Amino acid sequence: MKTSDPAAAPQDALGMASGTPQQNSQKAEETPSFLDELLRDFPAPLGPESPLPWKVPGTMLSQEEVEGELAELAMGFLSSRSAPPPLAACLAHEAVSQLLQTDLSEFRKLPEQEEEEAPVTLLDAAGLARSLFDRLWEVCSQWQKQVPVAARVPQRQWLVSVHAIRNARRRMEDRHVCLPAFNLLFGLSDSVDRAYFAVFDGHGGVDAARYASVHVHAVAAHRPELPTDPAGALRAAFRCTDEMFLWKARRERLQSGTTGVCALVAGNTLHVAWLGDSQVVLVQQGQVVKLMEPHRPERQDEKDRIEALGGFVSHMDCWRVNGTLAVSRAIGDVFQKPYVSGEADTASRALTGSEDYLLLACDGFFDVVPHQEVAGLVQSHLVGQQGSGLRVAEELVAAARERGSHDNITVMVVFLREPRDLLEPETDAVPRS
């Protein structure tokens with residue numbers, strides 16, 4: 001899983017998940033050497049006073065937050081060491097699953113004194129993080145002798161170009177997620193291949209965007225409707241994540257919020273979900289296909305909804321909810337609920353094999369680059385790079401800056417076909433297998 005990391009790169013972050021069948025075979029061969037190297041660097045589990053190899057996510061976690069936060073820790077650590085993505089997902093899943101099957105009562109913490117009661121059980125984040133590393137070390141030791149078949153099965157390779165910049169803002173509040181090994185990370189064993197991609201655009205701080213980038217997909221993976229109604233699972237995941245974050249925000253006095261857009265490719269079907277004005281477009285045979293309508297306060301249906309709840313929409317420098325927020329739906333924004341809704345919209349579309357790519361981006365991009373110009377910008381880049389799409393997101397971000405965007409900008413291009421094929425004359429597309 002690739003996520004933005006402003007601590008490591010406060011202004012720019014470039015990430016790619018790419019490959020070919022030949023590279024996939026090479027990555028399978030890398031598995032034993034990766035485990036050998038990791039165990040050379042960590043020859044034993046951590047001692048009680050040993051520093052952790054990752055940053056602990058706060059001081060306390062609710063029971064509902066544990067799986068998502070621990071999976072994020074494990075995947076971030078393994079990805080930073082260049083683990084093959086399928087192996088990283090399998091290792092993370094096994095370590096987290098083993099820990100969750102133990103008695104977690106030893107990690108229980110009492111609520112802060114000023115809280116009369118805690119509606120959920122709180123667990124010690126540092127203790128869980130230390131225990132997770134020991135579990136991960138044990139799994140690596142076992143797999144060094146024999147890697148399970150699931151971690152060696154060839155996976156579909158995805159080419160994803162991502163670029164994110166702070167731009168003229170004081171803080172980088174965007175986050176993004178690239179998770180091609182969705183099934184492996186959550187132990188889903190049905191016959192439907194799944195890959196998940198998302199962009200979250202925070203405001204008022206980064207907490208909500210970071211939280212959504214960790215939990216939306218984790219919640220969706222365990223929704224009972226995922227196999228039969230993936231769009232419904234995404235909608236429910238946004239709602240549940242919003243509820244989880246609102247409780248955290250009240251406890252920790254957080255005021256941030258985040259818009260977001262995600263795409264789940266499940267077999268031959270694309271499912272998208274969104275809150276606010278982060279957007280996704282599909283390009284098919286060189287033509288932009290509109291998938292969604294962003295949530296903005298000036299939309300008549302949004303304005304009617306807000307006013308029916310007793311709120312108002314007014315125009316200052318732009319249209320705003322109750323004179324403050326320029327978005328009408330978001331995760332978080334605890335003091336603007338229910339006017340700023342946490343209910344996502346969704347859309348689904350069958351994939352035929354003729355689709356070129358998806359582009360997910362925040363408003364820092366789409367406020368200055370119209371949908372209809374996306375295909376031309378990408379095509380121009382591919383022509384100039386002889387069909388290489390690895391750095392196309394970087395060029396799209398640069399185009400947004402040149403057009404006057406001062407906001408954080410995140411752009412993710414998920415290729416659904418080999419980029420070089422987009423330079424060739426169109427032929428009858430072969431349906432995806």
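Trainee: Is helix H7 mostly enclosed or mostly open to the outside, and why?
Mentor: Keep in mind that this is a predicted model. In H7, 17 of the 23 residues are buried, so the helix is largely enclosed by the rest of the structure.

Trainee: What does H7 span from end to end?
Mentor: H7 covers residues 230-252 and reaches 32 Å from its first C-alpha to its last, close to the 33 Å expected at 1.5 Å a residue. Just after H7, Arg253 takes a positive phi of about 60°.

Trainee: And which residues of H10 are buried?
Mentor: In H10, residues 374-384, they are Val374, Ala375, Val378, His381 and Leu382. Seen down the axis of H10, these buried residues fall within an arc of 130°, so they line one face of the helix.

Trainee: Where does that spacing come from in general?
Mentor: An α-helix has 3.6 residues a turn, so residues three or four places apart point the same way.

Trainee: Nice. What covers the buried residues of H10?
Mentor: The cover includes strands S11, S12, S17 and S18, along with helices H9 and H11. As for what follows H10, Gln386 has a positive phi of about 55° there.

Trainee: You mentioned S11 and S12. How do they pair, parallel or antiparallel?
Mentor: They are antiparallel, with four bridges between S11 (residues 279-284) and S12 (residues 287-290). One detail to look at is Val283, whose bridge partner in S12 is Val288. The hairpin has two residues between the strands, and Gln285 takes a positive phi near 50° in it.

Trainee: Switching to sheets, in what order do S3, S4 and S5 come?
Mentor: The order is S3-S5-S4, in an open sheet with antiparallel pairing. S3 and S4 are the edge strands, each pairing on one side only. Three bridges join S3 to S5, and Met60 has Asp124 as its bridge partner in S5.

Trainee: Now aromatics. How many aromatic pairs turn up in the whole structure?
Mentor: A search finds 12 aromatic pairs. Take Trp54 and Phe77: their ring centres are 5.5 Å apart and their planes at 90°, so the pair is edge-to-face. This pair links distant parts of the chain, with Trp54 in the loop between H1 and S3 and Phe77 in H2, 23 residues apart.

Trainee: Are those two buried or exposed?
Mentor: Both Trp54 and Phe77 are buried. They also belong to a cluster, where ring pairs link Phe42, Trp54, Phe77 and Phe133.

Trainee: What lies over the face of Trp158?
Mentor: That would be Arg156, at 3.7 Å from the ring centre.

Trainee: Last topic, loops. Where is Ser405, and what does Ser405 touch?
Mentor: Ser405 is in the loop between H11 and S18. Leaving out residues up to four places away in sequence, Ser405 touches Asn167, Gly364, Val368 and Ala400. Ser405 has a relative accessible area of 8%, so it counts as buried.

Trainee: And how does Thr352 count, at 39% relative accessibility?
Mentor: Thr352 counts as partly exposed. You'll find Thr352 in the loop between S16 and S17. The C-alpha atoms of Thr352 and Thr269 are separated by 8.7 Å, though the two are 83 residues apart along the chain.

Note on methods:
Residues are numbered from 1 along each chain as its sequence is written. This is a predicted model: local features need pLDDT of at least 70, side-chain atom pairs count only at pLDDT 80 or more; totals for chains, interfaces and linings use all residues. Side-chain values use heavy atoms; hydrogens and water are left out. Two strands pair if DSSP finds at least two bridges between them. The expected span of a helix is 1.5 Å times one less than its number of residues. Buried means under 20% relative accessible area, exposed over 50%, partly exposed in between (1.4 Å probe, protein chains only). The arc is that of the directions from the helix axis to the C-beta atoms. Contact means heavy atoms within 4.5 Å. Rings of Phe, Tyr and Trp (its six-membered ring) pair if their centres lie within 6.5 Å; planes under 30 degrees apart count as stacked, over 60 as edge-to-face and the rest as tilted. A charge sits over a ring if NZ of Lys or CZ of Arg is within 6 Å of the ring centre and within 35 degrees of the ring normal.
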